[in-house]
Each structure stands twice: as C-alpha cells, then as structure tokens.
Amino acid sequence: MDIWKKITEESELVVKESSSISSLYRDNILSFSCLEDCVSNYIFSLLRKHFSFEESFKRKMNDFFRKRESIEVVKKDLYAAYKRDPACSHLSNVLLFYKGFHALCVYRLGHFCLTEAKDAPTAFLLQYISSIDFTIDINPYAKIGQGIFIDHAHSVVIGETCVIKDYVSILQNVTLGGTGKERGDRHPKIGEGVLIGAGAKILGNIKVGEHSIIGASSVVLKDIPKNSIVVGIPAKVIKKNLEKYPADDLNHSLIN
C-alpha cells in the first residue's frame with residue numbers, strides 16, 4: 001500500500017465534502033508533498049504549544065523524519081494502528097488523531113536526540129511534553145521496535161531499560177516498570193508480536209516470549225515462555241503453544 005497516497009486521497013475527500021474541519025486537512029496534510037515533511041510539521045505543531053523551540057531543533061527534527069530508516073518505521077507504526085484497530089477506517093485518522101502514534105513519533109525523536117545527537121535535555125523535555133499531551137510516559141532510553149500499536153495510550157508507562165521488539169500491541173494503562181529502587185537493567189524485555197492487555201503490569205528485568213498474550217490487569221513478575229497466555233495476580237501461564245499472532249488480530253480470547 002502507498003500510505004502517503006492513501007492519506008492524501010482521504011484528505012482530498014474530506015475537503016471536497018466541505019467538512020467543518022477541512023482546513024485541518026489542507027494545512028497539515030495537503031500542503032505537503034511527502035509523508036516525511038507532513039509528520040515532522042504536524043508533530044512539531046503539537047510540541048510547540050508548550051515550548052518555543054529554537055530553529056535548530058526544527059531543522060534537526062526535519063532531518064530525523066527525512067531519514068529513510070526513520071520514515072519507514074513511522075509508516076509501519078501508522079499502518080499497525082490502521083490495521084489492528086477495528087474502530088479505524090482511515091489512515092489519516094491515525095496521523096491526525098491517534099495519540100499513541102503521536103507519542104511513538106515523539107519518543108523516536110527523543111531517542112534520536114539522546115543516542116545520536118547527544119542532546120539529553122531535549123530528549124527529556126520531549127518525554128515531559130509527551131506525558132502531558134498524550135498521557136503516556138516513555139523514557140527516551142527505552143528501545144522500541146517498529147510496527148508498534150499503542151491503543152488509547154492513557155496511562156502507559158515504559159521504563160528506561162525496557163526493550164520492545166517489533167509488532168507489539170499495547171492497550172491502555174499498561175506499565176512496563178521496575179520493582180523498586182534498584183539501578184541498572186531493571187525493566188521488561190517484550191518479545192516480537194506480544195499483545196499486552198489493558199491494565200497489565202510487567203515488572204522487573206524479565207522476558208516475555210514472542211507472540212504471547214498478557215491478560216488484562218495481570219501482574220507479571222517472572223519470565224513468560226513464547227506463544228503463551230498468562231493471566232492473574234501474580235500472572236500464571238494458562239495456555240501454551242499458541243498458533244496465532246495475537247498482537248496482529250488483538251484476539252484476547254483464552255479459548256480459541
């Protein structure tokens with residue numbers, strides 16, 4: 001799928017129908033010739049409500065989103081939300097209205113500022129602004145893969161040494177945190193394709209195996225084998241050897 005083409009087609013239709021928010025689509029999508037500049041500009045417009053960034057930051061931001069590897073990850077995050085959320089009928093909705101997607105963009109920019117641009121103050125300012133605007137707190141040191149879907153995004157916390165592999169789905173009120181005041185590598189490692197249910201708490205330097213389901217409101221304190229379902233407080237494995245990809249279809253069923 002040509003993601004940018006589909007987004008512009010959707011936006012042109014909104015404008016053609018003379019929607020009361022046509023200007024939002026004209027100014028933030030149709031006035032740009034590529035997804036890179038569109039995303040960079042729109043995210044910047046959200047950030048600058050809180051702080052008057054210097055022009056050098058805007059250039060740095062544009063350069064980041066124009067990098068091929070950066071925009072490819074953005075496309076996969078966009079498509080993940082569009083494909084996995086049954087309430088989503090338009091890619092342009094993800095771009096304009098999905099704060100989980102916005103928070104991922106800001107995190108990726110902050111991670112770049114921290115690890116490549118060596119600009120820690122800006123990285124932590126971005127974390128702070130994201131926590132205010134999107135009610136999600138992602139430490140810029142965390143390592144997050146591509147094709148991530150954070151649904152609703154309310155009260156999601158992702159700690160400093162957390163690692164999240166590709167194609168993971170995370171619902172609201174999830175904590176990927178530590179267990180106390182210990183320092184060092186102290187946060188969870190989430191395998192590819194994991195589905196983390198609403199309200200789940202995964203605590204400590206533990207591993208969640210790929211393509212597993214963490215049931216809603218579960219508290220996970222030990223390693224979880226791949227292709228498993230865990231539920232409860234503390235969480236226990238109730239099913240193994242899953243053959244489906246739960247993060248992709250968001251199937252929380254414990255039977256099928």
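## Cysteines and overall build

The sulfur of cysteine 162 lies 19 Å from the closest cysteine sulfur, that of cysteine 105, which is too far for a bond. A disulfide needs two cysteine sulfur atoms within 2.5 Å. Cysteine 162 is also buried, at a relative accessible area of 1%. The model is a predicted one.

Cysteine 34 has its closest cysteine sulfur in cysteine 38, at 8.4 Å, and this too is too far for a bond. The count of disulfides in the structure is zero. The two sulfur distances are set out here.

| Cysteine | Closest cysteine sulfur in | Sulfur distance |
|---|---|---|
| cysteine 34 | cysteine 38 | 8.4 Å |
| cysteine 162 | cysteine 105 | 19 Å |

Now the fold as a whole. The protein chain contains nine helices and 15 strands. Its radius of gyration is 19 Å, close to the 18 Å from the globule rule for 256 residues, so the chain is as compact as a globular protein of that length. The C-alpha trace spans about 50 × 40 × 30 Å along its principal axes.

Next, packing and surface. Of the 256 residues in the protein chain, 52% are buried. Take the contacts with a separation of 6 or more: residues 24 or more positions apart account for 45% of them. The protein chain exposes about 12200 Å², and carbon and sulfur atoms supply 50% of that area.

Last, charge. The protein chain carries 33 positive and 30 negative side chains. The centres of these two sets lie 5 Å apart.

Notes:
Residues numbered from 1 in each chain as written. Predicted model: local features only at pLDDT ≥ 70, side-chain atom pairs only at ≥ 80, totals over all residues. Heavy atoms only, no water. Buried < 20%, exposed > 50% of the residue type's maximum accessible area, 1.4 Å probe, protein only. Helix = DSSP H or I, 4+ residues; strand = E, 2+ residues; numbered from the N terminus. Rg over C-alpha atoms; globule rule 2.2 N^0.38 Å. Contact = heavy atoms within 4.5 Å. Areas by Shrake-Rupley, 256 points an atom, 1.4 Å probe, with all protein chains shown as cover. Lys, Arg positive; Asp, Glu negative; His and termini not counted. Charge placed at Lys NZ, Arg CZ, Asp CG, Glu CD.
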